[in-house]
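User: I would like to go through the aromatic rings of a protein model. Could we start once it is on the screen?

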Amino acid sequence: MEGLIPEVIGPSTVTPRVRRRPALSCANCRRRKVRCDRKEPCDQCRKSRSATCIYTPEGLSSLIDHAPKPATLRTIGPSTTPETTPDDTTSNSERSFSDTHFTRSGHHLDHDLAQRVERIEDMLSSAKINRQEADVRQTRNHLVGGLNGNMSKNRYYGHGHWLSGIVQAPSFMCFEVDLSDDDVMKMKNKEAGEAINSVLSSCKTMARAIKAAQQPQFTIWGVSFQHSMPERSVADQLVGHYLRTHESTYRILHIPSFHREYAQYWGNPQATSTVSLIKILMVMAIGTCFYQGSDFDARRTQAIQWIYTAQFWLASPNEKSRLRTAAIQVECLLLIARSIYNIGADIVWNHTGAVLRTAISMGFHRDPKHSRRYSILHKEIKRRLWATILELNIQASLDSGMAPMISTDDFDTEPPSNINDDEIDESTQTHPSSHPPSVYTQSSLQIALLGSLATRLDIANLANNPQIEKLYEQALALDKELLRDYKGNHSFFTRIAQDGGALCKPTPFHCKIFNLKIQRFLLILHRPFASHARSNSHFYYSHKIHLDTAIAIHSIPSQKPTPTLPTPSLEAEDDYTRFRLISNGFLKELLIHSSVIIYQEMISPLEDTLPSFSSSLFSINTPSISARASSIRLLQNMLELAAARIEAGETAVKSHLLYSIALAHLQALEEGALCDDAMIKAAMDSLAHCQEILKQRLAKIPTIEEQFSDLGAQGDASGFMDGEIDAIQDWGMEFEPEETDSWLFSGWGMGSSKESSHVVW
């Protein structure tokens, strides 16, 4: 029997004792040292109204690892199965409850408890991780509902459109924002609303009359093309304005080649091809924006007619004959010109998509290195044009609040080479070596914009694609990528611009336009989250970027006035100031959007009923007097700019109306006056002022008969005079041309009979 007695292992030969019984009680009961019934939740936690009743996974792990198993004995002598003796047996009454429980239930109960605790942990972890994402989804649903955009009449505006910022903003007190009816200002005060809408309707009627006078009439297509060309000195100025400003941001032309085309036209106009003539027209139309002569109004009207000329030429039959690089150049120039003069600028996304598809059908999306038929110069021009089309497309997607409809997987065209135009021509047989990125060339701006294209495509899709869920972590990742590229390029351009020894450098206009093209993506990226920063500090970063970007958009670069006349006046404006005054399109909308952001920031501390965060975290809750005064001056400057834009040729009055209401609202809140009365008075004063400006402009416009008499027209304009002014906006043509391009400038016979009329309005 001695050989069967187990050897007792002393303390010096055994590892420290490990607790065999796992902790089955919940954490609260173990801490309070009370009996736990191991329910979910347990009775003790329910009685004490504890917020949580948690069973730690460590206890379950210990339970599984140390469940009762047959004892492992070290025996001396033969290996035999030990027999149980009365002394070695413990009665059931002497066993603890825990031992009996595990012995009888086995691993089944262990596994069940482990699953229950795992489910609880998953629920808590998921709630913690997705709390902010739930807030973001709730924010998005609150902003755009199930549509993920806004409907205005028969137009859909995605969430990236600037109008969504106004919808997201609080109501302008007595005014109700309603995109479904753009022609009516809805107000709580019905009488004031009728008076305001009456004056607003009068302004719209005059605006339509001004637009109708600027658009080409019936017989302009019967006039010789040379009659619409300005004198050589003015044409040189207009071409120079374009090449100095837009050609560096949108690489469309090879400047030496265009100079040869331009000189050939003035040497022999009759021998110049139609596509070259249209190209020169579009260059001069864009350059007219920067013209500061006393006859600017006439030049502006002339530029608008050139745009219609190009549009009619592109809409003519036999489209196959225009599947060439020169026609793509005309398309790109036309898109820029339409945006500047607001000729269907809000739907230019449709035209941009057609240009994109045309370029793809011509193989621009495949790198020209795959083909041997192109010259070195032609390959470089194709790469530049493809990069220009991509940039026009992504900017137009924000203008219309629509998805870009293309991704980086859809093309393999390489970026343009970092070279100047004088380094390559038709006779070049070997491609010149591209300069390093640290060397600024005429293509550096385009290359810099193309470098952030992938990130901006993701942002545009995130903002405008209704199928993509807006996740804050994804927005922060895109913000990091975009800011990294933006800061690097901004510092590079600033350094080169200040380098007196640089032969080629960006102008302040170039730097500002580059900044605006990137900053507008930061606005739409952070807008869905910035508005909730006051109630959720998790979004404070978005609020800061959103507000800082809006303020930066209004900064004006310091630049010397640009000479536009042989003897420039002392009041000559620099390129960006002039562009801000005349241009429509994305710049006008961006200024309005950023102004609304600043206005919201100023009224929020005065109207917010939510408890504010500490001032150390949110300085926006208690803006300083200097910051408030600076913001008010900014809105006042925008009000003055809106009036100046109407005097310079704009016909829309709602920008001036919006700024007037915002300033009156702020002033009333600071003075403790009645906001509704102040805002109604400001609205009436604004519309009266705009109405007077439009009356003065309308009085200077020659009548339809005077325009036809100046052109020596043979047609009868009575049909137009008796019709609706609005009808001219939906123009179309029916014709049977004998030749592809000759119909445009050939001088048609415009009889009064229906049989001889080629034009249908």
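User: Is Phe 290 buried or exposed?

Analyst: This is a predicted model. In it, Phe 290 has a relative accessibility of 1%, and buried means under 20%, so Phe 290 counts as buried.

User: And Phe 509, buried or exposed?

Analyst: Phe 509 is buried, because its relative accessibility is 1%.

User: How many aromatic pairs are there?

Analyst: The structure holds 14 aromatic pairs. One of them joins Phe 290 and Phe 509 in an edge-to-face arrangement, with 5.6 Å centre to centre and 85° between the planes.

User: Why does that pair tie parts of the chain together?

Analyst: Phe 290 lies in the loop between α11 (274-288) and α12 (296-315), while Phe 509 belongs to helix α19 (residues 508-530), so the pair connects parts that are 219 residues apart in sequence.

User: What about Tyr 440 and Phe 493, how do they pair?

Analyst: Tyr 440 and Phe 493 form an edge-to-face pair, at 6.0 Å centre to centre and 90° between the planes. The pair links distant parts of the chain, 53 residues apart: Tyr 440 is in the loop between α15 (376-400) and α16 (444-451), and Phe 493 is in helix α18 (residues 472-497). Both residues, Tyr 440 and Phe 493, are buried.

User: Which residues are linked into a cluster by ring pairs?

Analyst: The cluster consists of Tyr 440, Tyr 486, Phe 492, Phe 493 and Phe 514.

User: New topic: which ring face does Lys 382 lie over?

Analyst: Lys 382 lies over the face of Phe 364, 4.5 Å from the ring centre. Lys 517 lies over the face of Phe 586, at 5.1 Å from the ring centre.

Notes: Residues are numbered from 1 along each chain as its sequence is written. This is a predicted model: local features need pLDDT of at least 70, side-chain atom pairs count only at pLDDT 80 or more; totals for chains, interfaces and linings use all residues. Side-chain values use heavy atoms; hydrogens and water are left out. Rings of Phe, Tyr and Trp (its six-membered ring) pair if their centres lie within 6.5 Å; planes under 30 degrees apart count as stacked, over 60 as edge-to-face and the rest as tilted. Helices (H or I, at least four residues) and strands (E, at least two) are DSSP runs, numbered from the N terminus. Buried means under 20% relative accessible area, exposed over 50%, partly exposed in between (1.4 Å probe, protein chains only). A charge sits over a ring if NZ of Lys or CZ of Arg is within 6 Å of the ring centre and within 35 degrees of the ring normal.
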